[in-house]
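Me: Hi! I have a structure open and would like to talk through how it is put together. Could you walk me through it?

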Amino acid sequence: MAFKTVRNFLIAGGVAAASLTGIAIAAGGSGPADGYEMIHKHWHWQGMTGTYDKEAMQRGFNVYANVCRSCHNLDHLAFRHLGDEGGPFYDERFPNPNDNPLVKNIAAEYEITDLNPEDGSEITRPGIPADYFPPIYRNDSEARFVNNGALPPDLSVMVKARNNGADYMYNLLLAYEHPQPDTVSLSPGQYYNPVMEGSKIAMPPQLQPQEGVFEYQSDTEGQNPPEATVEQMAADLTEFLAWSADPKLAERKSAGLMSMVYLLILAVLLWLAYKRIWRRLKQPVGG
Amino acid sequence: MAGPSTYEPKGAVMRWMDTRLPIVRMGADFMTFPTPRNLNYWWTFGGILLLCLMIQIVTGVILGMHYVAHIDHAFDSVQRIRRDVPYGWLMQSAHAVGASMFFLAVYMHMFRALYYGSYKAPREVLWIIGCLIYLVMMATAFLGYTLPWGQMSFWGATVITGFFGAVPVVGEGLQQWLLGGYAVDNATLNRFYSLHYLLPFIIAALSGLHVWALHVTGSSNPIGVSSKVKTDTLPFHPYFTVKDMFAVTVFLIIFAFFLFYLPDALGHADNYIKADPLKTPPHIVPEWYFLPFYAILRAVPDKLAGILLMLGAIAVLFVLPWLDTSRVRSMRFRPIARWFFFFFVIFCFILGWCGAGVPDDYAIKIGDGGITFYRLGQISTLYYFAYFIVILPILGLIEDPVERPASITQAILDYGDKPEPEKVLVPAE
């Protein structure tokens, strides 16, 4: 009887969890068009214990800073975030990311619009770690005007803002090569991309084999960066943007492991307590 | 079933208190409350739901300290909570996943009541208070989903408040009064935040009434035969406190799994895009716990009729105690009704599936054609209402229930489980 009820309980829990997951998947959007086969990469951060690869994130940040940055901002990221624990430029010697020289150098490369406290006039100054990535355009209207009517979206939460976002990002950058069917007609300033909703995208292909133009440089001594192929750049950028969208992943998973172990032990102890207390009922009355 | 209080205040202070505010007596009576000894794990969801409400209120109050209810800052403030507030990622995820877990538990609790006939006399008021709690929960969840100000927040709010615009004559004015303007905007966000903060405390108050009503009638039980002799029940503590704590822990394992490993699996990616009133998402879909009602809403082409159907789907629950004509509570002893119940559960899941699908897409493909989600949703809606309005009233009159055990004690003896016959029938001294 006891085993039967526990079994039923577990089945009920399993069915509930499975149906929730099923609904979550069923609620997802449509797949890519025109026979494009999504490449499902195995990402470093997948699984119960996976976390981001620091060097891949650093290379990915390079790609962002040299390529994507010309149009796309990281609205929700401050420079100091780059030096947070779990971030691409974390250094354990600098628990406060504002002291991290790599972060300071990156921040200083950006111009921040500020106010002159003396007279209130607008000035520009080099960035400090506490600054957020400065907007690229003064406003959305300017962004649209410069980009042929299209608004380059913020990339800091992009990997979370699409179903299966990491694969989406990676495939979107690589899918320009896919042959364009005759049925799709493009307006000027549009490009064919089967991963994009509607297969039309305003962003030209960005990652091309650019020998001599873009090479991975290492910020750390003794590190041999891989060759900057299109696939490698797309994967590294995705790694960086995945971190940017979910920077607390490592902290979350380690807290998760502790919680699960704790709860499982507690469940076993409570089960034993439950059996022990209910066993009283089997003893003869007054015994 | 509550029976006379057995609490004896010890000492002068306790006696003084007991004659003025017998709160210690109430706690003691809760602990000794006679509870049917044959309750199974489906009866643990009450305690689980209490925990869910507490988690939502605690995490919600903390989130409220950091959240900014303004259309220009709401989305960014949620990102700030997830990135910069210490353990903000945990609070925000626990609140969002917690909402799903709350609904998961409440659906389990409701299906249990439906199967075991817990809504029947003398528990009609207990059931109706429960339905009220569910209704306020739905409102709270909807209001809360608007607050992160993502695309689904905005467009979900636009669609739902649009229902009020379909009310004849006063609709347009009513809609504008609710929104505080012509469209979902800052005034809407502010009032939704205010109400989202208020309603959980109304749920807490209703839960108090729910528990009060429970302590008047006592718990129902899997065989649906009321407790008659002393051996039918056990004191709530320690027998059911320990069992509930075990079940709560198992539930928390499922909760923690989603919270730590799949925090976004139950939400929509679109809600990570900041609300844009000029850009409608391709599919506006509610959260999973509203999908069955969304399918009922879309089951008819007329907007007003759809809304009435959806409201009817909830309203019918309130009158269920008078629709079910069978005197037998538990479906264990209703050989035909249990099959109809089984299909009812299946159709609820199908409704959820239809709610998630695009109406014109094929749910089931047969050759070139098939059954669209629209048709399947209609069939399921028909069954949903037929179950309450036709099947239960008629079946109660014509069905031949199988023989029920005379008492809970007898049922346990029949199942060959603890305790042994001669020992249990001796009145406990």
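Predicted model: local features only at pLDDT ≥ 70, side-chain atom pairs only at ≥ 80, totals over all residues.

Me: Good to know. How is chain B divided into domains?

Reply: Chain B has domain 1 (1-32), domain 2 (37-284) and domain 3 (292-398). Between the C-alpha centres of domain 2 and domain 3 of chain B there are 23 Å. Their contact involves 19 residues from domain 2 of chain B and 17 residues from domain 3 of chain B.

Me: Which elements give two or more residues to the domain 2 side of that contact?

Reply: Those are α5 and α6 of chain B. The largest share of that side comes from α6(B), with 5 residues.

Me: Let's stay with those helices, then. At what angle do the axes of α5(B) and α6(B) cross?

Reply: They cross at roughly 160 degrees, and the axes come within 12 Å. Angles over 145 degrees count as roughly antiparallel, so that is how α5(B) and α6(B) run relative to each other. The crossing of the two is left-handed.

Me: And which residues meet there?

Reply: From α5(B) you have Ala99(B), Val106(B) and Ala113(B). On the α6(B) side they meet Trp127(B), Tyr134(B), Met137(B), Ala141(B) and Gly144(B).

Me: Changing topic: in the largest nonpolar core, which residues touch the most other members?

Reply: That core has 85 residues, and the ones touching the most other members are Ile48(B), Val97(B), Ala105(B), Phe255(B) and Ile296(B). Helix α5 of chain B, residues 88-115, gives the most to this core, namely 14 residues. Domain 2 and domain 3 of chain B each supply at least three residues to this core.

Me: Now chain A. How far apart are the C-alpha centres of its domain 1 and domain 2?

Reply: They lie 42 Å apart. Domain 1 of chain A is built from 29-77 + 133-247, while domain 2 of chain A covers 248-282. In the contact between them, 7 residues of domain 1 of chain A meet 4 residues of domain 2 of chain A.

Me: Why does Tyr374(B) count as partly exposed?

Reply: Because Tyr374(B) has 19 other C-beta atoms within 10 Å, and being buried takes 20 or more.

Me: And what about Arg25(B), which helix is that in?

Reply: Arg25(B) lies in α2 of chain B, which spans residues 23-32. Arg25(B) is partly exposed too, with 17 other C-beta atoms within 10 Å. Leaving out neighbours within four places in sequence, its contacts are Ser5(B), Tyr7(B) and Asp18(B).

Notes: Residues numbered from 1 in each chain as written. Chains lettered and ligands numbered in written order. Core = buried A, V, L, I, M, F, W, Y, C linked by C-beta atoms within 7 Å. Buried ≥ 20, exposed ≤ 12 C-beta atoms within 10 Å, placed from the backbone. Helix = DSSP H or I, 4+ residues; strand = E, 2+ residues; numbered from the N terminus. Domains from an automatic or database assignment. Axes fitted to C-alpha atoms, helices over the stretch in contact; angles between N-to-C directions. Parallel < 35°, antiparallel > 145°, perpendicular 65-115°, else oblique. Left-handed = near helix turned anticlockwise from the far one by under 90°. Contact = placed C-beta atoms within 7 Å.
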